[in-house]
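I opened this model to look up its charged pairs and its nonpolar packing. My entries follow.

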Amino acid sequence: MIERLRFVLMLLFAFGAAIGGVLIGRAWIMPPVPAESELHEVLHKDLQLDDFQKQQIEQIERKYALRRQSLELELRSDNARLASAIETEHGYGPLVASAVDASHKAMGELQKITLEHIFAMRSVLRPDQAARFDTAVVKALTVKPR
């Protein structure tokens with residue numbers, strides 16, 4: 001009888017520890033929703049866009065996706081050059097510095113086209129929608145990492 005009670009208690013403890021681990025993992029370890037996703041949700045779900053606005057924003061998003069994809073490929077290429085430079089120099093030498101500068105240039109371009117994309121979408125909105133969109137943009141840019 002005592003053995004059975006001990007077994008049941010151990011089972012309950014293990015179950016509680018597993019549930020606790022899941023809760024801790026979800027609270028501390030899971031990545032937050034990307035700011036881009038939050039903006040997208042505000043734009044497409046909360047602002048009640050009319051059909052013309054939806055059509056314009058779709059065009060803006062298609063154009064941005066192509067430009068972004070191109071820059072992301074450039075960044076991957078820059079990262080490969082950086083890895084090669086690190087492998088060659090085994091320290092912070094001229095090849096590494098040059099590769100870092102190249103990747104920073106591409107990252108800067110990506111940030112610029114992202115901002116252009118945001119302002120292009122904003123230009124399609126009515127003043128009341130733009131105000132709500134601006135709030136979401138500011139929130140996305142100032143969100144604190146966990």
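**Salt bridges**

I began with Asp78, which forms a salt bridge with Arg81, the closest N and O atoms being 2.3 Å apart. A salt bridge here is a side-chain nitrogen of Lys or Arg within 4 Å of a carboxyl oxygen of Asp or Glu. The model is predicted: local features need pLDDT of at least 70, side-chain atom pairs count only at pLDDT 80 or more, and totals for chains, interfaces and linings use all residues. Residues are numbered from 1 along each chain as its sequence is written, and side-chain values use heavy atoms, with hydrogens and water left out.

Asp78 and Arg81 are three residues apart in helix H3, so about one helical turn separates them. Helices are DSSP runs (H or I, at least four residues), numbered from the N terminus. I then looked up accessibility, where buried means under 20% relative accessible area, exposed over 50%, and partly exposed in between (1.4 Å probe, protein chains only). Asp78 is buried at 2%, whereas Arg81 is partly exposed at 46%.

How many salt bridges does the structure hold? I find seven. One of them joins Arg67 to Glu116, with 3.3 Å between the closest N and O atoms. Arg67 sits in helix H3 (residues 51–89) and Glu116 in helix H4 (residues 94–122), so this pair ties together parts that are 49 residues apart in sequence. Arg67 is partly exposed at 34% relative accessibility, and Glu116 is partly exposed at 44%.

I also noted Arg126 and Asp128, whose side chains meet in a salt bridge at 3.3 Å, N to O. Arg126 has 37% relative accessibility and counts as partly exposed; Asp128, at 46%, is partly exposed.

**Nonpolar cores**

Next I looked up the cores, each a set of buried Ala, Val, Leu, Ile, Met, Phe, Trp, Tyr and Cys residues joined through side-chain atoms within 4.5 Å. The largest has 16 residues, of which Leu39, Leu43, Leu47, Ile57, Leu125 and Phe133 touch the most other members. Helix H2 (35–46), H3, H4 and helix H5 (127–142) each give two or more residues to this core. Which helix gives the largest share? H5 does, with five residues.

I then listed the contacts (heavy atoms within 4.5 Å) of Leu39. Leaving aside neighbours within four places in sequence, Leu39 is in contact with Ile118, Phe133, Ala136, Val137 and Ala140. A second, separate core has six residues, among them Tyr64, Ala106, Leu110 and Ile113.
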